[in-house]
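Please look over the sequence and the model before reading on.

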Amino acid sequence: NGSNVFSTSSPNMLAEQRAKLARRLAIETELREALRADQLRLVYQPIVDLRSGDLHGVEALIRWHKPDGSSVSPDLFIPIAEQSDLIVDIGRWVMGRALRDLASLKGTALQALKVHVNMAASEFTSTALPDLLRAVAQELAVPASQVVLELTEGMLMRQPEQVVRVMHELRDIGFEISLDDFGMGHSSLALLKNLPIRSLKIDRSFVRDLPTGERDRAIAQTIVDLGRHLQLDIIAEGIEGDDQLGVLRACGCRFGQGWLLGRPLSLKALVHRFPNGRATA
Ligand code: C2E
Ligand code: MG
Ligand code: MG
Ligand code: MG
C-alpha cells in the first residue's frame, strides 16, 4: 500500500543515508591510507597579472590519484576530511609540500613567486596555526610574504571572532590572506572592512556566464570597484575564454586564473613552462 508516505519512503531514506555514510567512511579510510603511502600530490595553477601578462603567483591544488588509475576530486574528499581530524594531517602535508616546493625554487626565475595555499575551516579556528606556520616557514627559510593563505567566506561565519584574531596574527607574521570564492558566502561588508586581507577571489560562478550575463558582469564590476575602494587585489577565478577575459579586463580586474591562462601543473612542469617568470613566453 503506497498511500502511507512514511511506511514507504522512510526505510528507503534510512538505507540511503546509511549507504552515504558508508561511502564517506570508506573514502576517509582510503584517504588516510593515501596520505600515509604518500600518494597525494600538489599541482600549481598560474595566477596571471592581466595587464602585463606576468606570472603573479600560483595556487597549490591537491590531487589524489589512486593506484588503480582513478582519481578523487578535492571537492569531494576535502569536505569529508574536514569532518574528521584527517584535515589536520592533510593541511600539514599541503603546507609542508608547498613550502618545500617554494624553497626549491631558489635560484630560479620563479624564486619570488607567491604561492596560494587553500586552508580548511578547522585550521583557521586553531589558535596554534600562526606559530605552526611561522615555524615551518622559518625551518624552510621561506619568506612568509610569499605565502598566501586562502580561506573562504563561509569559514568566517562559523567563529568570526576567533578566525579574525588568527588572521591578524598571521598577517602580523607576514603571511598574506586571500578571501576565496568571494560572493558565495554571507560575509557582511562590515566584517570585510576590518579584515586583514590582501585580495578577494571572484568566484567562478560569476565568471562562467560572462560576457553575456548582464547581471554577472554587474557583479564582477561591483567586486572590482569594492576592491579598488578597500585597496584589495581582485583575482578572477575560472577564466576559460577570451570573451570572459575581455570583460574582466574592461572591468579593471587586475589578476586572473583559469584554463585559458594556465592549467594546474606539477612543480617541474611549472618551472619548465615559465622559464623567465612570464606568463606570455
Ligand atoms: P578553489 O580553491 O576555489 O580552487 C579553484 C578550483 O577551480 C580548482 O578545482 C581548479 O582546478 C578549478 N579551476 C581552475 N580554473 C578553472 C577553469 O577555468 N574552469 C573550471 N571549470 N575550473 C577551474 P580543484 O583543484 O578541483 O579544487 C576544488 C576545491 O577543493 C578548491 O576550490 C578548494 O576549495 C579545495 N582544495 C583544493 N586543494 C586544496 C588543499 O590543498 N587544501 C584544502 N583545504 N582545500 C583544497
Ligand atoms: Mg582557492
Ligand atoms: Mg575559489
Ligand atoms: Mg572553490
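The sections below treat the basis of the report, the metal sites, the ligand pocket and some backbone features.

## Basis of the report

The model is predicted: local features need pLDDT of at least 70, side-chain atom pairs count only at pLDDT 80 or more, and totals for chains, interfaces and linings use all residues. Residues are numbered from 1 along each chain as its sequence is written, chains are lettered from A and ligands numbered from 1 in the order in which they are written, and side-chain values use heavy atoms, with hydrogens and water left out.

## The two magnesium ions

The magnesium ion (ligand 2) is coordinated by Glu59 (OE), Asn118 (OD1), Glu150 (OE) and Asp180 (OD), at 2.0 to 2.2 Å. Donors here are N, O and S atoms within 2.8 Å of the metal (3.2 Å for Na, K and Ca); water is not among the atoms, so sites may look incomplete. Along the chain, the donors of ligand 2 follow the spacing E-x58-N-x31-E-x29-D. This pair links distant parts of the chain, with glutamate 150 in strand β5 (residues 147-152) and aspartate 180 in strand β6, 30 residues apart. Strands (E, at least two residues) and helices (H or I, at least four) are DSSP runs, numbered from the N terminus.

Aspartate 181, at 27%, is partly exposed. Buried means under 20% relative accessible area, exposed over 50%, and partly exposed in between (1.4 Å probe, protein chains only).

## The pocket of ligand 1

Ligand 1 sits in the largest pocket. A pocket is found on a 1 Å grid over the protein atoms alone, as an open set of points where a 1.4 Å probe fits, with protein on both sides within 12 Å along at least five of seven lines; a molecule sits in a pocket if more than half of its atoms lie within 2 Å of its grid points. Ligand 1 is surrounded by 22 residues (each with a heavy atom within 4 Å), and the closest are Arg63, Asn118, Arg204, Glu240 and Trp259. Strand β2 (55-65), helix α2 (74-82) and strand β6 (176-182) each supply at least two residues of this shell, and β2 gives the largest share, four residues.

Several N or O atoms of the protein lie within 3.5 Å of N or O atoms of ligand 1, the cut-off for a polar contact. A side-chain N or O atom of glutamine 45 is 3.0 Å from a nitrogen atom of ligand 1. An oxygen atom of ligand 1 lies 3.0 Å from a polar side-chain atom of glutamate 59, and a backbone N or O atom of tryptophan 259 lies 2.8 Å from an oxygen atom of the ligand. The protein covers 86% of the 810 Å² of accessible area that ligand 1 has on its own (Shrake-Rupley method, 1.4 Å probe).

## Backbone features

The peptide bond from leucine 210 to proline 211 is cis, with omega near 5°. Proline 211 is placed in the loop between α9 (204-208) and α10 (214-230).

Aspartate 38 has a positive phi, near 60°, and is found in the loop between α1 and β1 (40-49).

Key: Polar contact = N/O pair within 3.5 Å; in protein donor to acceptor, adjacent residues only side chain to side chain. 1 Å grid on protein atoms, 1.4 Å probe; cavity = no way out; pocket = protein on both sides within 12 Å on 5 of 7 lines; lining within 4 Å.
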